[in-house]
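Me: I am new to this structure. Please take me through it in short questions and answers.

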Amino acid sequence: MKSLAVMGSTGSIGRQTLDLVRQDPASFEVVVLAAHSNVELLVAQALEFHPQVVGLYDEVAAKELRDLLGPELEVVTGDELIASVALADIVVNGVMGFAGLRITERTLRAGLRLALANKESLIGGGEVVMALLDKGGELIPVDSEHSAIFQLLGQSREVPPSLARLVITASGGPFRTTEAAKLELVTVDDALAHPTWSMGPKISVDSSTLFNKGLEVIEAHYLFGVPYEQISVVVHPESLIHSMVEFVDGSTLAQLSMPDMRLPISLALYHPGRSPVPHGTMGWPTAATLTFEEVDSGRFPSLALAFAVGKAGGGAPCWMNAANEVAVGAFLEGRIGWRQIFATVSSAMERYETGSPLDIDEVIELDRRARVVTSRIVQEFAHA
């Protein structure tokens with residue numbers, strides 16, 4: 001039996017991870033549950049799974065949680081919460097945004113398996129995070145696109161000479177067919193209405209701008225050691241093919257399944273085996289149609305920006321990721337428009353303070369400075 005620390009247990013990835021535990025309780029034991037501030041759901045999860053430790057990032061909410069759970073369950077926050085990952089064999093990092101970096105760091109330093117759904121910590125940390133793998137830890141991606149490549153290519157960061165390119169698929173988001181002029185009128189509800197996946201607000205907005213696909217390109221570069229020149233993105237509205245690997249002889253391998261995040265999560269939990277319970281089964285023969293389109297760079301310029309930032313390297317991806325988080329937050333709060341998300345990030349990159357972080361503390365400091373700069377840009381747009 002493997003022990004699990006489910007970080008971000010009340011979010012989409014966390015809830016689906018616990019679904020997998022319910023389906024196969026003989027294989028997994030939940031020893032840590034941690035969330036940001038959703039006390040009500042975390043209490044219900046704690047009473048069901050009886051972990052050794054329950055954690056909340058919000059210290060005020062943690063006090064309320066202690067009162068509700070009583071002395072039987074240990075409630076932690078702050079550094080104790082991060083340290084609790086050491087209790088587990090496998091750490092599922094489903095925390096939203098850059099806040100997941102410390103969990104990624106602590107897990108890899110402890111030599112544990114990291115089931116990574118928090119792409120921002122890898123993009124923000126870049127070379128620093130990947131260097132931590134030399135400590136003996138194991139990183140298995142949970143994003144459906146990278147999970148597909150992991151299955152097709154394997155986990156080696158040495159690019160096989162037979163590889164021509166990675167092809168990452170994108171659904172195109174809710175505005176794939178929206179006329180450019182109408183994008184000025186996009187509302188928050190419009191941006192959150194993803195046509196295929198049910199996700200949290202931040203990643204749903206990223207999908208609508210295609211910034212999520214830009215982040216995934218950078219993540220693929222770090223995870224698999226593939227140069228940016230050998231990574232492509234194609235729009236695939238049905239979201240049945242999650243990524244493809246093309247070889248120099250012209251052969252292309254693709255991973256297909258119905259959209260169900262429990263499949264990539266289970267791959268990270270059961271590796272090198274597979275879950276005995278199927279998820280995302282295609283049910284052949286089926287009437288599925290597969291269509292593909294190029295990305296419209298005029299309506300979705302974020303992807304080209306992400307490629308440029310990735311190639312620049314150093315601290316540039318960290319800066320862009322921080323700028324995007326601030327811009328998306330401002331959009332969700334109604335302070336800027338949808339179009340201004342890209343404009344904000346682009347402006348922030350023009351003010352990028354060049355540098356190459358050497359450790360996690362330097363990454364966090366660079367992220368902080370980027371947020372200060374981007375917050376000023378948001379204010380400029382808000383008062384324009």
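Me: What percentage of the 384 residues in the protein chain do buried residues make up?

Reply: This is a predicted model, where local features need pLDDT of at least 70, side-chain atom pairs count only at pLDDT 80 or more, and totals for chains, interfaces and linings use all residues. Residues are numbered from 1 along each chain as its sequence is written, and side-chain values use heavy atoms, with hydrogens and water left out. Buried means under 20% relative accessible area, exposed means over 50%, and partly exposed lies in between (1.4 Å probe, protein chains only). By that cut-off, the buried share of the 384 residues is 55%.

Me: How many helices and strands does the protein chain have?

Reply: Helices (H or I, at least four residues) and strands (E, at least two) are DSSP runs, numbered from the N terminus. The protein chain has 16 helices and 11 strands.

Me: What is the radius of gyration of the protein chain?

Reply: The C-alpha trace spans about 55 × 55 × 40 Å along its principal axes. The radius of gyration is taken over C-alpha atoms, and the globule rule is 2.2 Å times the number of residues to the power 0.38. That rule gives 21 Å for 384 residues, and the chain comes close to it, so it is as compact as a globular protein of that length. Its radius of gyration is 20 Å.

Me: Among contacts between residues at least 6 apart in sequence, what percentage join residues at least 24 apart?

Reply: Contact means heavy atoms within 4.5 Å. Among contacts between residues at least 6 apart in sequence, the share that joins residues at least 24 apart is 69%.

Me: Is Leu4 buried or exposed?

Reply: Leu4 has its place in strand 1. Leaving aside neighbours within four places in sequence, its contacts include Val21, Val31, Ile90 and Leu269. Its relative accessible area is 0%, so Leu4 is buried.

Me: Which residues is Thr10 in contact with, leaving aside its neighbours within four places in sequence?

Reply: Thr10 is found in the loop between strand 1 (2–7) and helix 1 (12–23). At 14% relative accessibility, Thr10 counts as buried. Beyond those sequence neighbours, Thr10 touches Arg15, Ala35, Asn38, Leu41, Leu42 and Gln45.

Me: How many residues of helix 12 are buried?

Reply: Helix 12 is mostly covered. Among its buried residues are Leu263, Ile265, Leu267 and Tyr270.

Me: Where does Pro272 lie, and what is the peptide bond from His271 to Pro272?

Reply: Pro272 has its place in the loop between helix 12 and helix 13. The bond from His271 to Pro272 has omega near 10 degrees and is cis.

Me: What is the omega of the peptide bond from Trp284 to Pro285?

Reply: Pro285 lies in the loop between helix 12 and helix 13. The bond from Trp284 to Pro285 is cis, with omega near -5 degrees.

Me: Which residues form a nonpolar patch on the surface?

Reply: Patches are made of residues with over 30% relative accessible area and no salt bridge: like charges are joined within 9 Å, nonpolar side chains (Val, Leu, Ile, Met, Phe, Trp, Tyr) within 5 Å. A salt bridge is a side-chain nitrogen of Lys or Arg within 4 Å of a carboxyl oxygen of Asp or Glu. Accessible areas come from the Shrake-Rupley method with a 1.4 Å probe, and for residues only the protein chains shown count as cover. The patch has about 400 Å² of accessible area together, and its members are Leu256, Trp284, Leu290 and Phe292.

Me: What is the relative accessible area of Leu290?

Reply: Leu290 lies in the loop between helix 12 (262–270) and helix 13 (302–312). Leu290 is partly exposed, with a relative accessible area of 37%.

Me: What kind of aromatic pair do Trp319 and Tyr352 form?

Reply: The structure holds five aromatic pairs. Rings of Phe, Tyr and Trp (its six-membered ring) pair if their centres lie within 6.5 Å; planes under 30 degrees apart count as stacked, over 60 as edge-to-face and the rest as tilted. Trp319 and Tyr352 are both buried. Their ring centres are 5.6 Å apart and their planes stand at 65 degrees, so the pair is edge-to-face.

Me: Is Leu210 buried or exposed?

Reply: Leu210 lies in the loop between helix 10 (201–209) and helix 11 (211–224). Its phi is near 70 degrees, a positive value in a residue other than glycine. With a relative accessible area of 3%, Leu210 is buried.
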